[in-house]
Structure formats: C-alpha cells, structure tokens
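Notebook open, model loaded. I'll jot down what I look up as I go.

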Amino acid sequence: AHEQFGRRISEAVHSRKETVVGDGTPQGLIQELLKPFTNALLPVGTRAYGAAVYSNMANASPPQQNDEIRPGDIITLRNTKFQGKHGPMHAKYSMEVGKPDHVGVVAEWDGTKKKVRAWEQGRESRKVKLESFKLDDLRSGEVKIWRVMPRSWVGWQGQN
C-alpha cells in the first residue's frame with residue numbers, strides 16, 4: 001500500500017508547499033491529495049484513514065506500532081497536548097493540537113527520537129507547511145498514524 005499510495009501522496013504534498021489546498025482545512029488537504037487515487041479507500045469521517053500503523057493514547061499505555069511509519073502516511077491528532085523540551089538550550093514548550101481534530105501527511109519519521117515531521121495546513125496558517133511532533137512529549141489526547149489502503153483491503157472492488 002505504501003508503494004501504491006504513500007510515496008505518491010508524499011510527492012504530491014511536497015509540491016504543494018506554501019499553497020492553500022482545497023478549502024484550506026486540514027481535512028481538505030487530505031481529500032485533495034486522495035482525489036487522483038480512484039482505487040484508494042477514502043477516509044471514514046475525520047477519524048479513520050486506512051490501516052492503523054501507530055496508535056498512542058496520551059502515553060497511558062505503551063504505544064502500539066504495527067509497521068514502520070513512512071512518508072505519505074496520514075497522521076491524526078485529537079485533543080492533543082504536547083509538553084517537553086526542545087532546542088540546544090532545552091527550552092520548555094507546550095503545544096495543543098487538534099481541538100477537536102487535526103490531520104496531516106507524514107514527511108519523515110525518526111524512530112530513535114520518536115519524532116514525526118508532517119505536512120499540515122489550517123492550524124497556524126492556511127498554507128501547507130512542515131511541523132514536527134515529538135511523540136514522547138504527548139501528555140493528553142490521541143495520536144494515530146494511518147496507511148492509505150486500496151479499496152480491495154475491505155473487499156470492495158471497482159468504483160462503488
């Protein structure tokens with residue numbers, strides 16, 4: 001599925017950097033990126049975007065990771081709050097994302113730092129830009145990462 005959709009979604013979002021895509025909302029970005037793929041399983045509302053690759057509920061229990069996180073995967077953030085330190089001076093930061101829902105496209109994943117960089121729009125600006133989220137700094141809310149899957153994954157054939 002990553003070969004079929006992920007890589008092409010990653011390239012498509014990269015080419016839209018600093019532009020407003022669709023209606024300028026986070027969900028509008030994903031819907032526009034999926035339009036060329038007639039055989040892709042479309043999102044279910046704003047909650048599910050294919051096969052769950054990674055799931056983290058406020059670091060309450062160990063995060064579940066079913067596969068390597070790859071560019072082109074979809075990241076969803078619901079009512080999340082991140083707190084931690086960053087930069088050479090270890091400046092404290094606090095960031096709230098996704099009240100109620102936010103979504104972006106994974107650009108890169110650093111497994112050792114547990115840090116995901118994602119393309120997003122509609123949060124701080126209407127233009128597509130890169131943001132990074134350190135998953136170990138998640139204090140509340142829910143982060144999930146999805147792999148866009150073909151329609152045949154749920155047994156649907158053709159265009160219906």
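How many bridges pair strand E3 with E7, and in which sense do they pair? I get seven bridges between E3 (residues 74–86) and E7, in the antiparallel sense. For the record, strands pair if DSSP finds at least two bridges between them; strands (E, at least two residues) and helices (H or I, at least four) are DSSP runs, numbered from the N terminus.

Ground rules: this is a predicted model, where local features need pLDDT of at least 70, side-chain atom pairs count only at pLDDT 80 or more, and totals for chains, interfaces and linings use all residues. Numbering starts from 1 along each chain as its sequence is written, and side-chain values use heavy atoms, with hydrogens and water left out.

**Sheet.** I traced an open sheet of seven strands, antiparallel in its pairing, in the order E2-E1-E7-E3-E4-E5-E6. E2 (64–65) and E6 are the edge strands, each pairing on one side only.

**Glu 142.** I found this residue in strand E7 (residues 138–147). Is Glu 142 buried or exposed? It counts as buried because its relative accessibility is 15%, and the cut-offs are under 20% relative accessible area for buried, over 50% for exposed and partly exposed in between (1.4 Å probe, protein chains only). Leaving out residues up to four places away in sequence, Glu 142 touches Asn 56, Met 57, Thr 76, Leu 77, Arg 78 and Thr 80; contact is heavy atoms within 4.5 Å.

**Helix H2.** Residues 26–34 form H2, which lies across E3, E4 and E5 (115–120) and runs at about 5 degrees to E4. That angle is on a scale from 0 to 180 degrees between N-to-C directions, with axes fitted to C-alpha atoms, for helices over the stretch in contact. H2 is mostly covered, with seven of its nine residues buried; Leu 29, Ile 30, Leu 33 and Leu 34 are among them. The cover over those buried residues includes helix H1 (2–14), E3, E4 and E5.

**Largest pocket.** I read off a volume of about 210 Å³. A pocket is an open set of points on a 1 Å grid where a 1.4 Å probe fits, with protein on both sides within 12 Å along at least five of seven lines; lining residues have an atom within 4 Å of a point. Which strand gives the largest share of the lining? E6 does, with four residues. E4 (91–110) and E6 (129–134) each supply at least two. His 86, Tyr 93 and Lys 113 are among the lining residues.

Key
Grid points are joined across faces, edges and corners, and a volume is the space filled by probe spheres set on the points.
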